[in-house]
Structure formats: structure tokens, C-alpha cells
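I opened my notebook for another look at a chain. Here is what I checked, in the order I went.

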Amino acid sequence: PLWLSAAAFVTVAAGAWLYYSNEKSSAEQGSKSRGISPVKGASDIDGLVTERFNSCVHHMKGQMSKLPQASQLEFYGLYKQASLGNAVDFVAKPPPAYDLVASAKYKAWKAREG
């Protein structure tokens with residue numbers, strides 16, 4: 001089905017976004033410590049990755065309600081990690097256990113931490 005191939009594409013795009021973001025920040029930190037300027041053309045790659053990520057997000061918005069709940073939570077965690085970063089940097093404390101939806105979303109986001 002179309003939604004399955006789109007879901008796989010979003011998973012790969014989000015994974016690539018996270019990998020590239022981690023590699024870029026590591027390279028920039030190493031370059032700064034050695035006094036080396038960042039890689040030329042990195043902003044072009046960053047723009048392309050951002051554009052593709054946003055395209056995937058836009059495409060999947062209409063498809064999310066058709067996915068199983070476990071897949072929705074997985075995509076939520078990937079999206080939040082790729083767009084905001086680690087959960088602990090944005091949420092002071094986890095939601096209360098009695099709020100099942102917020103708790104499940106927080107756990108999905110926190111599972112992608114790194």
C-alpha cells in the first residue's frame with residue numbers, strides 16, 4: 001500500500017536527519033576545537049535534508065490516522081527528536097502515569113534520545 005511505502009520513507013528520512021544532525025554537530029565541535037572552518041557546502045546539504053524531511057512530514061500528516069497506534073508513536077518519537085532534540089531538554093519532568101496519551105508520547109520521544 002501507498003501509506004506503507006510513505007511510512008518507510010519517513011522512517012528513513014527521519015533516521016537520516018538524526019544521523020546527519022549528530023554527525024554535523026560532532027564535526028562542527030571538532031572543527032571549532034581545532035580552529036578549522038566548517039565544511040564548504042554543508043549548508044546546501046543541510047537545506048536539502050531539511051526540505052526532504054519537511055516534505056515527508058507534510059505527506060504523512062494525512063496518512064497518520066490510518067497507521068496502527070504503535071507506528072504512530074514511533075513516528076511521533078522520530079519527529080519530535082528530529083525537530084526538537086532530546087525530550088529531557090524540553091520537558092522538565094515526565095507526564096503523570098494516569099495521563100496515558102501524554103505518557104506514551106513522552107516515552108516514544110525519550111526512546112529516540114541521543
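**Ground rules.** I began with a definition: a charge sits over a ring if NZ of Lys or CZ of Arg is within 6 Å of the ring centre and within 35 degrees of the ring normal. This is a predicted model, where local features need pLDDT of at least 70 and side-chain atom pairs count only at pLDDT 80 or more, while totals for chains, interfaces and linings use all residues. Residues are numbered from 1 along each chain as its sequence is written, and side-chain values use heavy atoms, with hydrogens and water left out.

**Charge over a ring.** With that rule in hand, I looked up Lys-80 and found its charged end over the ring of Trp-109, 4.9 Å from the ring centre.

**Overall layout.** Next I went through the secondary structure, taking helices (H or I, at least four residues) and strands (E, at least two) as DSSP runs numbered from the N terminus. I noted four helices and zero strands, in the pattern α-α-α-α along the sequence.

I then asked what share of the 114 residues is buried. My cut-offs were under 20% relative accessible area for buried, over 50% for exposed and partly exposed in between (1.4 Å probe, protein chains only). Buried residues make up 25% of the chain.

For the surface I used accessible areas from the Shrake-Rupley method with a 1.4 Å probe; for residues, only the protein chains shown count as cover. The chain comes to about 7,800 Å² of accessible surface, and 59% of that belongs to carbon and sulfur atoms.

For contacts I took heavy atoms within 4.5 Å. Among contacts with a separation of 6 or more, 67% are between residues 24 or more positions apart.

**Helix 3.** I checked the length of this helix against its expected span, which is 1.5 Å times one less than its number of residues. Its 15 residues should span 21 Å, and the end C-alpha atoms are 21 Å apart, so the two agree.

Which residues of helix 3 are buried? I listed Phe-75, Gly-77, Leu-78, Lys-80, Gln-81 and Ala-82.

**Helix 3 and its neighbours.** I turned to helix 4 and found Ser-103, Tyr-106, Ala-108 and Trp-109 buried there. The buried residues of helix 4 pack against helix 3.

I also looked up Tyr-76, which is in helix 3 and is partly exposed at 24% relative accessibility.

Ser-103 had its own entry: at 12% relative accessibility it counts as buried. Leaving out residues up to four places away in sequence, Ser-103 touches Pro-95 and Pro-96.

On the helix 2 side, I picked Met-60, which is buried at 3% relative accessibility. From Met-60 to Phe-75 the C-alpha distance is 9.6 Å, at 15 residues apart in sequence.

**Aromatic pairs.** I let rings of Phe, Tyr and Trp (its six-membered ring) pair if their centres lie within 6.5 Å, calling planes under 30 degrees apart stacked, over 60 edge-to-face and the rest tilted. The whole structure gave two such pairs. One of them joins Phe-53 and Tyr-79, with ring centres 6.1 Å apart and planes at 10°, so it is stacked. That pair links distant parts of the chain, from Phe-53 in helix 2 (residues 42–61) to Tyr-79 in helix 3, 26 residues apart. Phe-53 is buried at 7% relative accessibility, whereas Tyr-79 is partly exposed at 38%.

**Salt bridges.** How many salt bridges does the structure hold? Counting a side-chain nitrogen of Lys or Arg within 4 Å of a carboxyl oxygen of Asp or Glu, I found two.

- Glu-74 and Arg-112 meet at 3.5 Å, N to O. Glu-74 is in helix 3 (residues 69–83) and Arg-112 in the segment after helix 4 (100–110), so the bridge ties together parts 38 residues apart in sequence. Glu-74 is partly exposed at 36%, and Arg-112 is partly exposed at 32%.
- Glu-113 and Lys-110 meet at 3.1 Å, N to O. Glu-113 is partly exposed at 33% relative accessibility, and Lys-110 is partly exposed at 34%.
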